[in-house]
Amino acid sequence: MFTDFLYLLRAQGMKTGLNEWNSLMDALSMNLNEASLMEFYYTARAVLVKKESDYDKFDQAFLEYFENVTTYDRLPQEVLDWLAKAREQTPYDKDEVDARFEGLGLDEIRKMMEERLKEQHEQHHGGTKWIGTGGTSAFGHSGYSPRGIRVGGPGKNRSALQVAEERNYRDFRDDSVLQIRQFQIALRKLRLLSCREDGPKTELNVEKTIEKNV
């Protein structure tokens, strides 16, 4: 599973070994990612990234591998309106629901989600199949499902692709070369801090710091 993703990580320069990869496969088999692409992103990053300089390499590989995956952060407004107010959880048999989802992986659940979006033309709540609230289907919120895709409701965050696309760790790479411009910006910020005699004690005063260490 996801073997091509392993090769993309290595192509980006990450030294991902089989031990780390097998640990990730074990996590997926235990559904620690809850069949969510966002949770897979954080789970894989936690298991596979060994040092800060690899975070950006991981994001680059993740973007390339999952770039064509449909995300559900931009659903039709009609669907979002259906989910705006949660209905109360309907009674359910936990063992029956768990058995219904046993063996379903992320790819299968995403395909089911795509089918529901094409087929569903009205709101449903408290059910076992459609996108809704208070039920036991794999899509919606405020219900029970051992794995699925949260749609709307509290806790809705950006997609994993959006997080990776930001590349917040690009400056942590060990193959980046510092340019004169970066030094100029850093020194300018230091000068702004050092000229504030009445500034807070938590800010750096360059001249006094040098004097104390001479």
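A residue counts as buried when its relative accessible area is under 20%. Keep that cut-off in mind for the views below, which come from a predicted model.

View 1. Let us start with the overall picture. Buried residues account for 35% of the 214 residues in the protein. Take the contacts between residues at least 6 apart in sequence: 61% of them join residues at least 24 apart.

**View 2. Helix H3 packs with helix H4.** Here we move in on a pair of helices. Two packed helices are described by the angle between their axes and the distance between the axes. For H3 (residues 37-48) and H4 (residues 55-66), the angle is about 140° and the axes are 11 Å apart. H3 is therefore oblique to H4. The crossing of this pair is right-handed.

**View 3. The residues where H3 and H4 touch.** Now for the side of each helix that takes part. H3 contributes Leu37, Phe40, Tyr41, Ala44, Arg45 and Leu48 to the contact. From H4 come Tyr55, Phe58, Asp59, Phe62 and Phe66. Sorted by class, the contact of H3 with H4 has nine nonpolar residues, two charged residues and no polar ones.

**View 4. Asp54, in the loop between H3 and H4.** Is Asp54 buried or exposed? Its relative accessibility is 5%, so Asp54 counts as buried, the cut-off being under 20%. Which residues does Asp54 touch, leaving aside its neighbours within four places in sequence? They are Met14 and Val49.

**View 5. An open sheet of three strands.** The strands are arranged in the order S1-S2-S3, and their pairing is parallel. Strand S1 (132-133) and strand S3 (149-150) are the edge strands, each pairing on one side only. Strand S2 (residues 139-141) pairs with S3 in the parallel sense over two bridges. To find your way between these two strands, look for Phe139, whose bridge partner in S3 is Ile149.

Notes:
Residues numbered from 1 in each chain as written. Predicted model: local features only at pLDDT ≥ 70, side-chain atom pairs only at ≥ 80, totals over all residues. Heavy atoms only, no water. Axes fitted to C-alpha atoms, helices over the stretch in contact; angles between N-to-C directions. Helix = DSSP H or I, 4+ residues; strand = E, 2+ residues; numbered from the N terminus. Parallel < 35°, antiparallel > 145°, perpendicular 65-115°, else oblique. Left-handed = near helix turned anticlockwise from the far one by under 90°. Contact = heavy atoms within 4.5 Å. Nonpolar A, V, L, I, M, F, W, Y, C, P; charged D, E, K, R; others polar. Pairing = 2+ DSSP bridges. Buried < 20%, exposed > 50% of the residue type's maximum accessible area, 1.4 Å probe, protein only.
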